[in-house]
Amino acid sequence: MLPTHWLLFSLLSLCLLPAAQAGDLMTGIKARGELRCGVSEGIAGFAEQDETGRWRGMDADFCRAVAVAVFGDPEKVSFLPLRASTRFPALQAGRIDLLARNTSWTMAREVSFGLQFPGVLFYDGQGFMVPNAANVTGVGDLKGATICVEKGTTHLDNLTEYAVTKGLSVTPLVMDSASAVSAAFFAGRCQAYTSDASHLAAVRLQAPPGAGGPDAFRILPERISKEPLSPVVLDDDPQWISLVRWVLYTLILAEECGINRDNVAAKWPVLKQRRIRTWKLAGGTEVNFGKLMGASDEWGMKVIAAVGNYGEVYERNVGRDSPLKIERGLNRLWSDGGLMYAPPAD
């Protein structure tokens, strides 16, 4: 551990960084007056438009939470629907500031594309959906099958590697968009659909009556990959990366501390005093972590007031209060046997 005087010196030095070094992207976002967020073309529970045209879902809620942290207003965000194959080019070209589109965090993507994955919003795994009428009880029964898969995802490589490892001969039918994949599957062009299990659950809800509706299909229990789904930003602005990361961890921290939309006004000041302090350095200089990240005033409390804690976001969009009814599983708090864990705020 560094001596206390070195820690204080480091924090003071961070406070004195020129604004251009601290956050050029953040400066541009604030000047524009709007956060541009890339989302899916429509995945129930994550990002889809309702009958009024409003975007809803976990990814949409996360975008609004970040907008609150930047502007103090969850509505200062525009949504750009993107195919999997166009999401990274859109981010690299500056068409969006934040990608929140069911995107798996991988070393190859981070290193090759110059990206940062601030933290895991949803732990998932690649699965398979099949018709109930098929004589398929497990992935091993898909030998010789044609399997629908979306272009530009990790799913094709995972499928190929799994098939080779298990000696399973399959034929991928690769389509350019999620809507094309689901249309091909429900039309009977392939015997299985492989994707993130949560995505399959969303697609299953949309099964047309002509294909038998949702009850005509099931998701097999096996998972063939780890899919840590994370928001994504470019790696050229540390201030922006920190802000997005700590918006996510604030959602988790609030749930850990029993803070939700209903009690945040009463409980947040206590948490702030106890856990998210303003540090005083030698000579009385104050370090406000929110200001260092370029956040709006009282950003943490406003984020929870706008979207709720992580558990509220989860249950509302994909869990018990949603049509998907996806069990939290790995997305439980660490204290409940899951993987959701916020690093210490101070």
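Is Cys-63 buried or exposed? I looked it up in this predicted model, and Cys-63 counts as buried, with 0% relative accessibility. That is under the 20% cut-off for buried.

**Entry 1: the partner of Cys-63.** I found that Cys-63 forms a disulfide with Cys-37, and their sulfur atoms are 1.9 Å apart. Cys-37 belongs to strand β1 and Cys-63 to helix α4 (residues 58–71), so this pair ties together parts that lie 26 residues apart in sequence.

Entry 2: I followed β1, which covers residues 35–39. Three strands make an open sheet here, in the order β4-β1-β5, with parallel pairing. The edge strands, β4 (77–81) and β5 (98–99), each pair on one side only. As a reminder to myself, strands of a sheet pair through backbone hydrogen bonds, either parallel or antiparallel. Between β1 and β5 I noted two bridges. Which residue of β5 is the bridge partner of Cys-37? I looked, and the partner is Leu-98.

**Entry 3: the other disulfide.** The count comes to two disulfides, and I went on to the one that joins Cys-148 to Cys-190, with 1.7 Å from S to S. This link is left-handed, with -90° about the S-S bond. Cys-148 sits in strand β9 and Cys-190 in the loop between α8 and β11, so I wrote down that the pair links distant parts of the chain, 42 residues apart. Cys-148 is buried at 0% relative accessibility, and Cys-190 is buried at 4%. With the bonded cysteines numbered in sequence order, I get the pairing 1-2, 3-4.

Entry 4: I turned to α8, residues 178–186. Its buried residues include Ala-178, Val-181, Phe-185 and Phe-186. What covers the buried residues of α8? I found that the cover includes the strands β8 (126–131), β9 (146–150) and β10 (171–175), as well as helix α9 (197–205). After α8 comes Gly-188, and I noted its positive phi, near 85°.

Entry 5: Last, I looked at Cys-257, which is partly exposed at a relative accessible area of 22%.

Conventions. Residues are numbered from 1 along each chain as its sequence is written. This is a predicted model: local features need pLDDT of at least 70, side-chain atom pairs count only at pLDDT 80 or more; totals for chains, interfaces and linings use all residues. Side-chain values use heavy atoms; hydrogens and water are left out. Buried means under 20% relative accessible area, exposed over 50%, partly exposed in between (1.4 Å probe, protein chains only). Helices (H or I, at least four residues) and strands (E, at least two) are DSSP runs, numbered from the N terminus. Contact means heavy atoms within 4.5 Å. Two strands pair if DSSP finds at least two bridges between them. A disulfide is a pair of cysteine sulfur atoms within 2.5 Å.
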